[in-house]
Amino acid sequence: MKREAVFSHITAAVLAWELAFCGVGCLISGFSLEGVKPAQMAALCGGAAVLGSVCLYWKRGGLVLLCTGALAAGFIWRGGTAWNEIKALAYQISSLYDNAYGWGQVDLGFPPDSGCAWPLGILGVLTALNVCRVMLRRKNALWAVFPAALPLAACLVVTDTVPKTGYLFGLLLGILVLLMTDWVRRFGRAEDAWQAAALAIPTAAALGILFLAVPQKDYVNHVPELEGQLVSLGERLQSLTRTISQKFTGGADTEQPRRVDLETLGPRVQWNYTVMQVTSPTGGAVYLRGGDYNTYSGTGWIASENRTEAFSGGAETAHTLRIRTNGVKPVLFVPYYPAGEVTLTGGRLENGQNLTDYSFMLAQQGEAGRAAADAQYLQLPAETLKWAKALANEITAEQTTTGEKAQAIAAYVRSSAAYDLNTGRMNRDGTDFARWFLEESETGYCVHFATAATVLLRAAGIPARYVEGYLVTCRADEETAVTGEMAHAWAEYNSGGVWSILEATPSAPTEELSTVPPAQILPSFESTEPAESTRPPASRNPAQGGTSDPQPARKALPGWAKTTGAALLGAALASAAVWLQSELRIRRKRTAWNRGQPNQQALARWAQVRQLALVLHVPVPESLHTLAQKARFSQHTLTDGELAEFDAFRASAWAEAAPVNTLKKWLLRLVFAVE
């Protein structure tokens, strides 16, 4: 027995060191923490694992560890550097999260030369001691698994934090071994520990095959693609709902007009799923027009569906732009300006054929229909027109041409507020979004700037409309992924029958794009790349109504956390589900074993011992069968002594059975819920 106990303590020390050191290593390598030496962390975690294993050999060893830890904590704290290093570690980790999601940095103030060795060392020591306690005191493995997995969970928050393969492999191996040997360690015999430890060999082999089959350099992030497919599925369900609704209403069109609810517009949340891919033979900024809105209500934009307008370029073709969407979209995204005849219905080009791959021939000379704009593009609410007309006249007092006036309005709107995706909502009693933005709000994003520009253009007597779509920076002859981050809103104004883009958002690719004539919209990559200092913070896709401004795509990093992580998470969830159902069944059996009247207990115990005898291939004593018959058919009430015979059989069944290896015991517990 002493030999098995020594082996258990050695196993606990090894596993504790592995989980502690590899967990700390994931943080060091994932967050690129400087000033931390892995060799020192390995020695510290190893010392803690050995100390915990030795102390817990005795019954009062836990108290010794507690006193030793308190003395060590006091010594470290008196050194004066531990708190500064904790603050430095929090700052470094929160900085990466802030770059990814804009959560903000945790800056509690610390010397610039502070390292973070102490907090990582403390984390490793606590992890090692906790694993030793769980293993040697026969606690549930989950008490060790969750704390040990916290460093890996911190790395899964963003894809920029990629741990080294060795640390990741060691941590996952330790967690899997700890989980698989949990039942044997808690309920099995001492000699079973050898067989349980042997599970580490096939587990390491299987995990190694997984790492070799899916090397880190080949990891691909499929989450954006999945998000795009879900969005496409939602669009299809909406279309199907409308079709069914029309059939039940006798063919009447019950579809509501498209709206942008400005009064509910607030801070944006980022969704970086891929919407489509665009390929252009030339590089540069490409505006992809989704649809426009013609009616301004003061608190929103409404798109009238009964409009039919030509939107096309000249006859001379410059080049072809190809678009491939992830799933069927309700509209075709139209670049500026398509050659040939293109007709917009309700402000957009309907995708009646459910196309996912299409191309546009772009014209050298933009025409956009060459027709005077309808009076509807000058309409404004009476209250809006009063203040907007006075302001527009003041802005354009020194300009003479339509283009000059539009440029002056764009410059005024751009300088009226700072770009910020965390802009709050309009006041509850507000009735005019554009006025609130220009006079009260100090920040805004593309929806705000485009709305204000459109309103001022109309007030200045220039036909204008609010447009949503995507603004993409393409590279010549390369397929560019268009993500939700690139969603954008801008204004169009009509001059001489031609609709031109007016870019009023401060994050516009170039100042020159604010009033570019159609013939010059064709991409020119060298002239449209924005200066880094003019770019706003990382954008977010809107939750309702509008769209968010385009941003340069982040550096592509391996998607191991989203792909292999998802696979491992799925496997872990499936394993947890299997384990949970067995635990629930076992708990129910334990309850039935001692619940109710003695005869009810006897019948429940008889059912369980029969199943145990069946799976272990051992005979059931005739005396137990007789007791079950008495409990079922006679008026005799079984005594405690008679009930104890069932307990005795269950206790001796495993010893009487042929040798059962650890794997079989584990399977019997999970499948048949026997213990």
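Modeller: Tyrosine 466 has 0% relative accessibility and therefore counts as buried, where buried means under 20% relative accessible area, exposed over 50% and partly exposed in between, with a 1.4 Å probe and protein chains only. Tryptophan 301, also at 0% relative accessibility, counts as buried. The model is predicted, so local features need pLDDT of at least 70 and side-chain atom pairs count only at pLDDT 80 or more, while totals for chains, interfaces and linings use all residues. Residues are numbered from 1 along each chain as its sequence is written, and side-chain values use heavy atoms, with hydrogens and water left out.

Rings of Phe, Tyr and Trp (its six-membered ring) pair if their centres lie within 6.5 Å; planes under 30 degrees apart count as stacked, over 60 as edge-to-face and the rest as tilted. This rule gives 16 aromatic pairs. Helices (H or I, at least four residues) and strands (E, at least two) are DSSP runs, numbered from the N terminus. Tyrosine 287 counts as buried at 2% relative accessibility, and tryptophan 490 counts as buried at 0%.

The pair of tryptophan 301 and tyrosine 466 is stacked, because the ring centres are 5.4 Å apart and the planes lie at 5°. Tryptophan 301 is in strand S5 (residues 300-303) and tyrosine 466 in strand S15 (residues 464-474), so the pair ties together parts that are 165 residues apart in sequence.

Tyr287 and Trp490 also belong to one aromatic cluster, which they form with Phe311, Tyr336 and Tyr337.

Rings also take part in contacts with charges. A charge sits over a ring if NZ of Lys or CZ of Arg is within 6 Å of the ring centre and within 35 degrees of the ring normal. The charged end of arginine 465 sits over the ring of tryptophan 499, at 3.7 Å from the ring centre. For arginine 650, the charged end sits over the ring of tryptophan 593, 4.1 Å from the centre of that ring.
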